[in-house]
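Dear colleague,

Please find the structure below, followed by an account of the contacts found in it.

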Amino acid sequence: MHHQDISVDLALDIYTRVLRIRRFEEEVGRLFRQGQLPGFVHLYIGEEAVAAGVCAALTDEDTIISTHRGHGHVIAKGGDIKRMMAELFGKATGYCKGKGGSMHIADFDIGMLGAIGIVGGGLPIAVGAGLSAWYSDRERVSVCFFGDGAANEGSFHESLNLASTLALPVIFVCENNQYGEFTPATNAMNITDIADRAAGYGIRGVVADGADAFEMYRVAKAAVERARRGGGPTLIEAKTHRRGSHAEGEEAFLAGQTYRDEAETAAAQAKDPLRLLHSYVSENGILPAEQLEALDSEITQSVAEAAEAARNSPDPEIESLFDDLWL
Amino acid sequence: MPRKTYVAAIQEALAEEMRRDQRVFLIGEDVRIGVFPSTRGLHAEFGDKRVIDTPISELAVAGAGIGAAVTGLRPIVDLMFGTFLYLAFDQIANQAGAMRYMYGGQTNVPLVFMVQNGAGSSAGHHHSQAVHQFFMNMPQIKVILPSTPYDGKGLLKSAIRDDNPVLFLHSLSLGGKRGEVPAEEYAIPIGFADVKREGRDVTICAAGPTVYTALDAAKKLAAQGVDAEVIDLRSLSPWDKQTILKSVAKTGRFVAVDESFPSCSAASEWAATVAEEAFHQLRAPVQRVTNKNVPMPFSPVLEKAVLPSEADVIAAVHNTLA
């Protein structure tokens, strides 16, 4: 990795986003295993560099759309981990007052237009956010995060084509984490690079190393600048790896069966985005190790506080069932 | 008062609302040319940005409407035929209707989906279905099915001004129907029925083209000495329960006429509500007149046989008088 173009401030910014996602997700995993969280949680561990790098290339006015594996995107866009954690607990103080949960967090104030629980469901909406920017002559861009699984949905095809024909400022970020639930992506498509599909829609396709946060930033920045100049959409395929389960507690669904081999997992762990980033910034003297340690303690504590606050927050009132219906 | 066709009234509503609010725009396949003349001519006035032709991609276009709506615009998404909404089901059922609630009120979704609803052009199953019953079952989607040019224009204007997702269903078979449409500005609030004919003996509730079936039946019934009240529901979700219950309190008889598959039809909902809330005022069991339970056939003779007919309505009314 050679990242002379990344300033110290930017390095710290991106590192902080990666670390905050990691510590948040580790805590969520713990809470789930302890039975403290209702529903399902899909963790973003191993993929943090993608959201962190891409969101660092965005302004507050730019919008993102996320997936069922969406915690990392909210955090990377600047979301409040207290309100996130409360939502995961289903509490009244959560982002969606307990009506969304892990797979449906949104923060419209920071351009986080929502996590969508349906695979591929977010792509058309992101096209609409891009259309809105184009319509209003704003320099805003719309980013859509989705996975390799979504690349096989009809909505992917329709959305890329629509964004291309209207030359909209939409950046499609495909997080190829190698698995659609328990099925390897290689069993679900006969191509190596999803980015190749961009050619079929007449847009740019780029493959990026999803373990390298600075590379993700650089690739995203180029796509963002291009979109702002009216150059239309880009499909970025981030090669990444889902470190853990499809959903926490997946053992219950697997009933003893396995779906990936240990060698692959070990190889992927060797490319841990947080460790790589830590090595790079500390060994190259960009950020001192002590500063990184202090940052880690601070973030770890803030995550623990968020969990504590969420636990102690009130459940939604039953009467709130009928809030936020038709205006 | 000037008399205009149903499609002309709808075209007027679109043009007036687009002039009134820069955030309103039209998007869909062939909206520039206007396959249905309701969107014809708008491109000449409003240009490329506000009348946007798209690929044939119902799912993406519906979702693009949602994305535009949650970022400050007020799209009208024209998906042509009601059956084409099925291709966009995820975006309508999972996203448009739920977003505001699911995200704790952080956003609203001011969006109109506009399609042709129902049979009457002998186009076969894929282009001749009334689809309102499916969307009435989706939480937080408003559904409108007007029957006259006046109602069509007034309700479409309200739909465009509404801050929630609205499905505006117009009827191919009514496109050429003429009616009085005032030159001056007006809008009709969503959720209110209109009594199209007053009567004492039986309440007939209908919407869209079946309103005319009901009115024709009422004429024949009048000749037989039966005085039918015909209620045009106009809005199917939310719907005007009070006007129906008030009418049933007077007549004691209820016939629901609806161009839907029989099971879980709009008529089922109206009839169940009347049975539940006005049971003691009823002098006879409630009646439903719906489509026959088959896919829509092509032959004009067969298509007609599937739809609720005047004779069906008269027979149902007689059932309540027996």
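This is a predicted model: local features need pLDDT of at least 70, side-chain atom pairs count only at pLDDT 80 or more; totals for chains, interfaces and linings use all residues.

A salt bridge is taken here as a side-chain nitrogen of Lys or Arg within 4 Å of a carboxyl oxygen of Asp or Glu. By that criterion, B:Lys49 and A:Asp137 form a salt bridge, with their closest N and O atoms 2.6 Å apart.

Residues are numbered from 1 along each chain as its sequence is written, chains are lettered from A and ligands numbered from 1 in the order in which they are written, and side-chain values use heavy atoms, leaving out hydrogens and water.

The chain interface. With contact meaning heavy atoms within 4.5 Å, 41 residues from chain A and 46 residues from chain B take part. The buried area, that is, the accessible area (1.4 Å probe) that two parts lose on being put together, summed over both, is about 3500 Å² between the chains, and carbon and sulfur atoms give 64% of it. On the chain A side, A:Tyr135, A:Trp326 and A:Leu327 lose the most area to chain B, together 25% of what that side buries.

The domains of chain B. The domain bounds, which come from an automatic or database domain assignment, are 3-180 for domain 1 and 194-321 for domain 2 of chain B. The centres of these two domains, taken over C-alpha atoms, are separated by 26 Å. In chain B, 30 residues of domain 1 are in contact with 28 residues of domain 2. Domain 1 and domain 2 of chain B bury about 2200 Å² between them, 55% of it on carbon and sulfur atoms. Within domain 1 of chain B, the residues that lose the most area to domain 2 are B:Ser122, B:Gln133 and B:Met136, together 26% of what that side buries. The count between domain 1 and domain 2 of chain B is 2 salt bridges.

Two further pairs. B:Asp151 forms a salt bridge with B:Lys196, the closest N and O atoms being 2.7 Å apart. In chain A, the side chains of A:Asp324 and A:Lys97 meet in a salt bridge at 2.9 Å, N to O.

With kind regards
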